[in-house]
Amino acid sequence: MSVGTAEARIPSRRTQRISIIVAGFGQNLVLTTVTTFILLYLLQYARISTQGMAVVAVVITAARIFDAIDDPVMGSLVDMTRTRWGKLRPYILFSALPVAVLSTLLFTVPDVAEPGKLVFFAVCYVLWGVAYTVCDVPFWGLIGSAFSEPDYRMRVISNVRAYGGIALGLATLGMPWLALLLSSGDETTGTGWSMAVGVVSVLGMGLFLLAFTNTRERHTPGVQDRLTFRQLYGTLLRNTPLLMVLIGSVLGFGRYIVQAGGAVFVVIAYDNEGAFILIGAAIITGMVLASFLTPLLLRRMSAKTLAIGSSVIGAVLYVAMFLAGFENIAVLLVFIFLTGMTLGAFLVVQATMIADAVDDIERRTAIRNDGISFSSLTFVSKIMAALAVLVFGIFIVLAGYEAGVTVTPEMQWTVFVSLTLVPAVSCLVSAIPFVFYRLGR
């Protein structure tokens with residue numbers, strides 16, 4: 001069968017939905033592994049010092065900001081791409097292998113002097129960020145393009161978020177055990193981590209390729225097909241609802257601090273790397289449950305109301321968690337679970353509001369810019385993650401923690417503030433822009 005004939009055969013809506021969900025699952029396996037365990041790997045296994053971690057925090061922040069700035073450029077390239085496979089799917093096809101390889105290299109820091117380790121990490125991390133941008137921007141644009149019905153699309157988004165949360169859980173809970181299994185001896189080694197990340201990267205990005213093979217892009221009659229940079233960015237800047245979502249999301253970066261620093265915190269607070277399994281399970285369970293429940297909530301309230309409500313409730317929960325302290329891990333897990341639910345609801349609503357804003361600007365201008373508009377989703381996600389890593393890294397430096405140092409109560413509470421009070425303020429402030437989210441009639 002020729003390629004042209006295969007492309008003409010449109011998969012069923014159910015096939016496309018399942019393929020998108022499985023692809024997102026695989027992508028999140030890789031993303032979670034890198035974002036959750038890279039600081040732990042660098043501290044405990046690459047043996048980076050406190051001063052070196054300050055450099056790492058700067059590198060990660062700078063790379064994430066660069067990636068975020070690069071996202072609109074990537075989105076523009078997507079919108080101006082024309083191939084027999086469409087404008088989104090080719091990037092998914094050709095980005096899978098680079099992401100898998102670079103993810104593995106990030107956990108294969110050579111045993112050289114620390115400056116050499118930092119240079120190796122910096123180069124690999126920057127390249128990884130670029131490769132991940134190439135795969136992530138088209139993926140989210142494809143969801144908006146493949147599913148035209150808002151209610152069905154919202155359910156697809158909630159499922160992608162939910163199963164992404166399950167992938168996050170499997171990676172968070174399973175990677176330490178897989179790294180131990182692949183290590184020689186009774187203790188986890190850096191080599192064990194390298195092999196574990198390699199296995200998961202190949203598996204995850206292999207599943208991600210289903211987004212290329214089993215989906216098709218939408219072509220709406222009457223919508224401009226060939227767009228210029230001026231049209232793309234002009235339409236983006238006129239999309240006020242979209243801009244409100246972006247601003248509110250960036251201000252809510254504190255939601256990501258637990259994910260960025262939780263693995264390090266449990267070592268500092270409990271001297272037990274395995275305790276992160278409990279914390280990870282709590283937040284992930286909350287996220288997954290909320291992702292499945294959010295479509296039901298959106299039948300009773302608007303996405304705008306849910307976005308504001310989840311932010312305010314999240315702020316209250318983080319303050320309560322700080323007041324409860326971390327000595328009783330059972331109480332801590334309850335709060336982690338509840339904040340995970342607010343995060344899960346927010347992530348579904350965030351993507352849904354962006355998709356609705358894209359449809360709204362298409363109705364008003366006859367221009368559909370899936371690439372650059374959905375690049376804004378990956379844009380804010382990277383900015384949020386970068387700020388989370390930067391703030392947590394600052395608190396690690398302020399606490400004076402590094403591998404082998406004697407942990408003090410002051411050190412523990414300094415880091416705990418970064419996981420509680422900082423997210424509380426961040427969530428509260430992030431609710432303000434969502435007040436001004438209004439779609440055209």
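Biologist: On a 1 Å grid over the protein atoms alone, a cavity is a set of points where a 1.4 Å probe fits but cannot get out; what volume does the second largest cavity have here?

Modeller: The second largest cavity has a volume of about 110 Å³, where volume is the space filled by probe spheres set on grid points joined across faces, edges and corners. This is a predicted model, in which local features need pLDDT of at least 70 and side-chain atom pairs count only at pLDDT 80 or more, while totals for chains, interfaces and linings use all residues. Residues are numbered from 1 along each chain as its sequence is written, and side-chain values use heavy atoms, with hydrogens and water left out.

Biologist: OK, and which residues lie nearest its centre?

Modeller: Of the 13 residues that line the second largest cavity, L168, V258, Q259, F276 and I283 lie nearest its centre, a lining residue being one with an atom within 4 Å of a point. Helices α6, α11 and α12 each supply at least two residues of that lining, and α12 gives the most, with 5 residues; helices are DSSP runs of H or I with at least four residues, numbered from the N terminus.

Biologist: How many cavities of 30 Å³ or more are there?

Modeller: The count comes to 6 cavities of 30 Å³ or more, and the largest cavity holds about 630 Å³ of space. It is lined by 32 residues, with N28, L31, Y256, Q259 and S381 nearest its centre.

Biologist: How does the lining of the largest cavity split by class?

Modeller: The lining of the largest cavity has 15 nonpolar, 12 polar and 5 charged residues, whereas that of the second largest cavity divides into 8 nonpolar, 4 polar and 1 charged. Asp, Glu, Lys and Arg count as charged, Ala, Val, Leu, Ile, Met, Phe, Trp, Tyr, Cys and Pro as nonpolar, and the others, Gly among them, as polar.

Biologist: Switching topic, how many salt bridges are there?

Modeller: The count comes to 2 salt bridges, each being a side-chain nitrogen of Lys or Arg within 4 Å of a carboxyl oxygen of Asp or Glu. In one of them the side chains of E149 and R13 meet at 3.2 Å, N to O, with E149 in the loop between α5 and α6 and R13 in helix α2, 136 residues apart.

Biologist: And what does R153 form a salt bridge with?

Modeller: R153 pairs with D356, the closest N and O atoms being 3.4 Å apart. R153 lies in helix α6 and D356 in helix α14, so this pair ties together parts that are 203 residues apart in sequence.

Biologist: Is R153 buried or exposed?

Modeller: R153 is buried, with a relative accessible area of 1%, while D356 is partly exposed at 22%; buried means under 20%, exposed over 50% and partly exposed in between, with a 1.4 Å probe and protein chains only.

Biologist: Last one: which helix does V316 lie in?

Modeller: V316 lies in helix α13 and is exposed, with a relative accessible area of 53%. In space V316 is 9.5 Å from T339, C-alpha to C-alpha, although 23 residues separate them in sequence.

Technical notes
On a 1 Å grid over the protein atoms alone, a cavity is a set of points where a 1.4 Å probe fits but cannot get out, and a pocket is an open set with protein on both sides within 12 Å along at least five of seven lines; lining residues have an atom within 4 Å of a point.
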